[in-house]
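Please consider the protein chain shown below. The explanation begins with the chain as a whole and then turns to particular parts of it.

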Amino acid sequence: MEPANEVVGVVLGSRDSAPLDYWIGVEEGKMVQLDDLVVLETETPDGTPLTYYGIVDQVTKRFEGNAFDTDAFHVADHSLPVEVSYAAHVQVTRLDPEVFVPPHPGTPAQVVHGEAYQKALYFDRMDRKVPIGLTRTGEPIYANLEFLDGTRGAHASISGVSGVATKTSYATFLLYSLFHSEALGADAINSKALIFNVKGEDLLWLDTANSRIEDDARLQYQKLGLPVGPFQSVRIYAPAKKGVNTLMPDTGGRAIGVQPYVWTLRQFAEQHLLRFAFVGAEDDRAQLSFIVTRVEHRLAEVAKASKPHEPFLTIDGTRVSTFRELVELLDNALLAQWVPHAAPGTQDAFRRRLYHSLEHIGHLIRGDEAASKHTVDWESQQVTVIDIHNLRAAAQMFVVGAILKRAMEDKERKGTAKPLMFVVLDELNKYAPRTGWSPIREVILDIAERGRSLGVSLFGAQQTASEVERRVVANAALRVVGRLDAAEAERDEYRFLSGVARVRATVLQPGSMIVAQPEIPTPILLRFPFPAWATRASEANRGAVDERDLFSRMQD
Amino acid sequence: MALNQRRNGSPPFGVFGKLKVRLDPWQPEFGPEFGGIEEQSPESPESLDIELERSAQLWSGIDPGGRAGPREPVWFIDGVRRMEARVTAKFNDQYFYGAFGAFAVGSVQLNSEQALFERFLTGRMLALSSPEQPTGEIAVARGLIYLPIRVADTEPDAPIRAIHGEMRRAEEALARELAAHEGRLVVVDGPLTFEERMRGSAVGYIKRVIKTYLPPPQLALLAALKPGQRTPLFALRGSRRFARISWFLRLSEPRKGDSEFSGIVRLEVAEAVGVEGARSLADACGALLPELKARRALDQRAPQNLLPISALERFLRRKLGDERIIRRRLESFLVREAD
């Protein structure tokens, strides 16, 4: 069972002891490791009890006294007796009460578990806490929901090297925890999640139980108070296949249970989506964006004028039912008519880009009847996965931009923060780069800055936080890193990590993350359990869903 | 406690009673440790028998009896002592010498698994040559308690010798205790101080060769010993100490410019052990000790100050506490007592 609290040593007097950090010497035969929680129970001179809670962020051993390097060889051949000092550095996380005096050398130090552990990390003060992982020793770690649902903060930023940092897995785990723990309470049912599947097909199996989950992972879920199973209410969208007339989802490993998605021409016009077809346009953007805005405006007018349920557009009596027709119409006469004063060079630039976008997104914007039934709908289920991994970069931009813009506009129209919406987006550095401008960057910045009050929380992931728009990263309440590149770890974006944590971030194994959150003054290394939902075809064994696990919590 | 009693209006006597104990202003030898005390009583006539193992004509260097393989456990015993404050005591208008001093004695065990500090004990005392003595322990500070010991001699250095003697007695007690186990080899730093046969064996390890004992022809052999070699056994018999069997062992080659006798140590066992017993101990020591020699660059007393012994000395000195702090404690204590 849970190990008991144990006195492992005393506060050292040979190194400075301070209110916020001190060293302890570890008794012979005892063990203290990184991330252990250490508690000192002492008194101030006037007799007030004073408790220091802290986390071990460094452990060292060395020969005591004036040892020579070569002593180690004599010790190894058993000719030299030595005394070994085993010391641990403790970063104080909490003082109760807040009396900032240094702990007295010689004060006994204990490594704690369970209740005292929870207290050391302020979990006792969190009214609504979301489990976000386990320590290496199996203690559950929580985040304060108030910093994720917009009450006091929102957004999570997850950084790490591709492949080993398990960023999207962690983002998905966070969502799972939010929806399946008791933190959200009654709000859980109506809360929504929009997940963009940027790479691979990992996220296309969220609705399927993982057949490879082992007993120790089950135990981890149990410790976190979470059920073991897939997401409960999921719809998966993949872009419509290019070059075929019937609407079919363009996926690899999974074809069943995936819906194709497109936009109707009418939606394209109505929602001002043309700008997202032009995301590569960084040069001479002032002039070009003028044309884009103007054309968008005229298209919106056209949409307004046509009948409400028509998926196509009717421009000056001409029925436009494919994106190609729209492009050609604009190219021929419409452009000169709608923006007569634009310089011919700029008009040409517009045309060039228009044809370019036709190539990439032409198949996603259609005017036929079938199209109106296959637009992305995130209202009727809890989790909506939008696959974009097969799309070219320009088309990915379009999809992400168009969907996020509509999501924000929906929320604005509703005017309330509830129900909450969580957005998971990987490769944020592509969508909201630090340098350069793109319409998507504006949308994401809008979510980062206003999402909190609108109830939209962005779980953004990126290889390098240093390449993401500063305000997007700065607004994230929960900062998470997986394995980091050593050079990246030294950048200012990771100053929230302590020196030791930065070094550790460079050697993190998949499944381990370092998480910093506003209320806890030190970043914590945690592990999250193996996904209970499938992440690839081989893990998706539909028949093997264990009903007991899925529904056990509902019966409680 | 003494201080509290005074404040409460108790009689104006401190722990020293009628003695007036004052710091001696002149403390030339105050330092980390006082200088070496002559181990050998200089002119004790001792008879020498060099034909114990082989005849004088056949004296030559003897290689250690090959005993490779796993190391048998061996114990080393050493002690350190220091004077912490020199004092004078006035009694009936007469002045006497005294010293606050401390010693620490400990052992190291080497075996095939590890080398470890095994035991240690410390002692603190006020050695006074005055006829009147403090009656109880002298608590200078918490954890800093001195026991009074009477010194018979009134020479200025008598208190120091007394402290040294206490240390030697503690070393001897520890050596007896350790050597009381069957088959143990205990190497005691310095000349052997006890003679009785024990279940184990105690060997005196004399690192500073002051007296060479041997007559000139055999002395030449001593200079020519190769590292690891020893001289044949010889017996030392005298009136002041018990009879011992002794031999010289070379730990290392002298460096250029060194005396020919550098790197040589002398070992001794009680003669009661017998020649055969002494020979097997000499073999054991010959196989072991050169392996443990100190490196010249790291230790001024190399090579004789063996690694476990110098480590033990450092360890014991640390156990005595910080001498500057203790000195200050003593000073303020004596000032309080002088009030």
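Predicted model: local features only at pLDDT ≥ 70, side-chain atom pairs only at ≥ 80, totals over all residues.

Residues are numbered from 1 along each chain as its sequence is written, chains are lettered from A and ligands numbered from 1 in the order in which they are written, and side-chain values use heavy atoms, with hydrogens and water left out.

Chain A contains 17 helices and 22 strands; helices (H or I, at least four residues) and strands (E, at least two) are DSSP runs, numbered from the N terminus. Along the principal axes, its C-alpha atoms fill a box of roughly 95 × 55 × 50 Å. Of its 556 residues, 56% count as buried, where buried means under 20% relative accessible area, exposed over 50% and partly exposed in between, with a 1.4 Å probe and protein chains only. Contact means heavy atoms within 4.5 Å. Among contacts in chain A between residues at least 6 apart in sequence, 73% join residues at least 24 apart.

Helix H8 of chain A covers residues 323-338. Its end C-alpha atoms are only 18 Å apart, short of the 22 Å that a straight helix of its 16 residues would reach; the expected span is 1.5 Å times one less than the number of residues. H8(A) also has a kink of about 60°, centred on A:Asp331, the bend at a residue being the angle between axes fitted to the seven residues ending there and the seven starting there. Helix H9(A), with 18 residues, reaches 25 Å, close to the 26 Å expected.

How do these two helices pack? H8(A) and H9(A), residues 344-361, meet at an angle of about 175°, with their axes 10 Å apart. The two helices are therefore roughly antiparallel, a term for angles over 145 degrees; axes are lines fitted to C-alpha atoms, for helices over the stretch in contact, and angles run from 0 to 180 degrees between N-to-C directions. The contact includes A:Phe323 and A:Leu335 of H8(A) and A:Phe350 and A:Leu358 of H9(A). A:Phe323 and A:Leu335 are among the buried residues of H8(A), and A:Phe350 and A:Leu358 are among those of H9(A).

Finally, A:Glu539 lies in the loop between strand E22 (524-527) and helix H17 (547-555) of chain A. A:Glu539 counts as buried because its relative accessibility is 3%. Not counting residues up to four places away in sequence, A:Glu539 touches residues including A:Arg212 and A:Trp533.

Conventions:
Parallel < 35°, antiparallel > 145°, perpendicular 65-115°, else oblique.
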